[in-house]
Amino acid sequence: MIEKYQSFILFLAGTISPILFAEIRIETSFSPPTITAANTSIYKVVVHGSQQGPVGSLPQVKGLTFSSPPRTLRSASFFNGVPTVRFELNFTVKPQMEGTFVVPEWKIDVENRSFTAPTASLTVLPPSQKDKIEQAQKRQEQANLQQAAFLEFSCPRSFLFQGETLDANISLFLWDRLPVTRIEQIPQKKGSGISISELGQPLEQRNVKRFNRSYSVYSWNFALTGALIGTHQITFDSFIRVRVKNNRNSPFSSPFFNDPFFGFGREEGLKVSSNTLNLEIRPLPSRGRPSNFQGAIGNLSIRSFPDKDRVSVGDPVRLTCIISGTGNFVAIPAPKLALGNDFTTSSPAFSFEGNEATKLTGAQSFEYIITPLRAGLLEIPPVSFSYFNPESVEFISQKTDSHPLRVDPGQEWTPPVMVSQEAKTKSTPRKDLFQTESDPGKWIGKLDHSDPLKMTFFWVIQLILFLFSIILFIIRLKGRNPKLEARMQKEKHLESKLRVALKHNDVSGFHQALRRRIRLRIGIACDQANTSALSSSEIVDLLHSKGYSEKVVSEILEVLKVCDNMQYAAASDEPNNIEITFQRTQTILKKIK
Amino acid sequence: MKKEIQKFLVFKFILIFSSQLSLGDSRDKLFYDAVRAEASGDLKRAIEIYSNISSDTNSANLHANLANLYFKIEDYARSALHFRKAIWIDPQNRDFSGNLSLALEKSGVSLDEISNLNQNFSPRSQTYWIILLTILLWSGIFYVIYNLRFPLKSNTALFVLAIWLASAVYVFSGFIKSRDESSRLNREIIALKSSTSAEDSTAGIPLRVFAGNGSTANTIVPPGTSLFLDLNDNGLPRVHKNQSGEKWFLVRSRYGANKGWIQRDEFDPILDLDL
């Protein structure tokens, strides 16, 4: 048994043993070992005798940047009949300066054994003229790319107070030649300490000139509110999709020199960033701050008015306070009413009129329902309101007018008891929902819904249409003239032939087709089956018999003569002449019907 | 002889015309009587008058007023029924829809239970869909006959055919949908507590296993719930008449989950049906 497999075992041992018990050797090198500053080299670490991944830490060399992770390569081969294996690590190395750089010896572990990777050196020469040109080109490409699509962020001031809201703008400039397929992501704010309102629909402008180029501009106005005190950097990023040439080798960063944007290709995402603005958020001054200041900042004014000036005790009065102007309306709470003991009130209802997106300019209404508690000539006291004006950097207090209210004695008012939400929903609904109508309106008979498919009228209409379609079908069928249709089909075929000949400047073919077409049309017009065999005089007689004018007949004869000359006498004709002949024939043929 | 016939025809016309006028006057008069009765606080009398009028003729305001009265006397199921009738006559009136929601809420009926009120596929729109379908189908047929060209070769003709086909499919589906809604409405009833019943009007209505008072209930639905009459093979409601002359109908809930027998005086249809 053992003898049977002896040769195979020996072969196996001979093949595997050199691999299993091969000596492990480490080699390091740069490929190429000499480069210019603008190029890259490969740092190779080759482990001979093993295919296991080595473990180690690559030393840092000042002036060289190693890419990570490296490319790995495993290989096995026969060398002089001996099997060998190896493992290769390739690091892309980018020089940062000129000079000779040496990667020192470093420890590397393979198959749990420690080895030393030998030194390797790389010489970096000063950049050549070609490198300099390429670098300049790259810089130009980058600049061009930045000019092709960019974001412009503008803010009216470089500082704002904590809680203050400012109107800002972000505009996305897209060069008209840039084949943008869509804006993938509208500008997103980067940076903390400042909050912004939602960006709504952009305002679109066309043909905006910048850098001697024409741009389409998408602008978003938004509100910017300072949240945290300090200086904050704020920038915006957006993503657009552009169509580029389907050429993987052409780097996307060089769109203008290779001009990859035009024509068909694939879509690529392009990040567009804005300029960075440093915005300072300042604290509100504590000096001179009124006690009723509730965080309103801007340039504001307040007014109030009641909806009634005479009520009974217990009747509700709607007092509307309106704060208008420019300011942080989102953060303005309802002013507190100091009503005293004569009135009772509940929480106000809010409503805003103005720019809903930014809530920066407009009027904020607060509707209070106040109820007088005693009869007499009462006075709704003024509503006081304070705000901070960032322009003049001072707190301003305002008061509305007081409003006289005559309250008649009515039924004794009892304060409302707090009712649960469930009880509220079960209470009788609003009165106006169940109004009794005093007029009966339009009377109708039975409440029913007739099926249109069961109506005689419907089927009568269908029958009429059916009969009409049958009649039309018969008329169309009888009216068909297969011979005439065949001739018309043939004429259409000849016309397309004419156009082909015209396109390829085939003078002889053109005139041949033209002659046949004119004769065919005469045949159709004069109901003559075979006009190609007729002589010129017969054609003249035929046309005269159908009442065509002498002018038309002579024009036809002239064109036919030209055709005969060109076809049989092989006279030369210029391509532009056949174009004129074609146009002329079209005009003549329109007259023969 | 001829003159006599003419005289007879003129006399008949005057008779019909005057009877129509007097009928119109009498129902208006009754309506105003009901309004006055309601204003004077006699709600029962007002309901009685309105109900009498509605047995012969209908108007949106009549049913709305009747529904308001039922709402006031807290018979929310009947209120919902008459609001449904009012909405059927005047579907554009938003007040009726709002009031119906409140009445149903009071009855404890989910709003999902009421019919789909999408006007595009409402039962009324069925007529418009069929007119549109007729125009579309016949215009297609006329187009083909006029051209008489098969197979279609020109791209324009193919494009027209594709557009026509897509429109026809869409209009046909709209017609089928509105027809379904129409069929549903013709079977729709509102569960009510019997007016003679001494029980609380908000108590549930049992859908019984068998057509008899002694039978157990499959389920109990709140008054005001929309139910649908089950039809037999002839397309008529499945009905059972017992020895004492009581009529029982087999009904289902909107999505068919609940089913059972219900007595005639425990429901009323929205449309005037011969039951």
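The model is predicted, so local features need pLDDT of at least 70 and side-chain atom pairs count only at pLDDT 80 or more, while totals for chains, interfaces and linings use all residues. Residues are numbered from 1 along each chain as its sequence is written, chains are lettered from A and ligands numbered from 1 in the order in which they are written, and side-chain values use heavy atoms, with hydrogens and water left out.

We can begin with the interface. Contact (heavy atoms within 4.5 Å) links 35 residues of chain A with 46 residues of chain B. The size of an interface is often given as the accessible area lost when the parts come together. Here the buried area (the accessible area, found with a 1.4 Å probe, that two parts lose on being put together, summed over both) is about 3600 Å², and carbon and sulfur atoms give 62% of it. Polar contacts (N or O atoms within 3.5 Å; within protein, one able to donate a hydrogen and the other to accept it, with residues adjacent in sequence counting only if both atoms are side-chain atoms) join 10 residue pairs between the two chains, both residues being at pLDDT 80 or more. On the side of chain A that touches chain B, the elements giving two or more residues are α4 (421-426) and α5 (456-479); helices here are DSSP runs of H or I with at least four residues, and strands are runs of E with at least two, numbered from the N terminus. Helix α5(A) gives the most, with 10 residues. The interface also holds 1 salt bridge (a side-chain nitrogen of Lys or Arg within 4 Å of a carboxyl oxygen of Asp or Glu). Its partners are A:D451 and B:R179, whose closest N and O atoms are 2.7 Å apart.

Next comes a sheet in chain A. Three strands, in the order β4-β9-β10, form an open antiparallel sheet, where pairing requires at least two DSSP bridges between two strands. Because β4 (55-56) and β10 (113-117) stand at the edges with a single partner strand each, one side of each is left without a neighbour in the sheet. Between β9 (residues 106-110) and β10(A) there are 5 bridges, and A:I108 has A:F115 as its bridge partner.

Finally, A:H403 lies in strand β31 (residues 403-408) of chain A. A:H403 is buried (under 20% relative accessible area, against over 50% for exposed and in between for partly exposed, with a 1.4 Å probe and protein chains only), its own value being 12%. The side chain of A:H403 makes a polar contact of 2.9 Å with that of A:S304, and a polar atom of the A:H403 side chain lies 3.3 Å from the backbone oxygen of A:D401.
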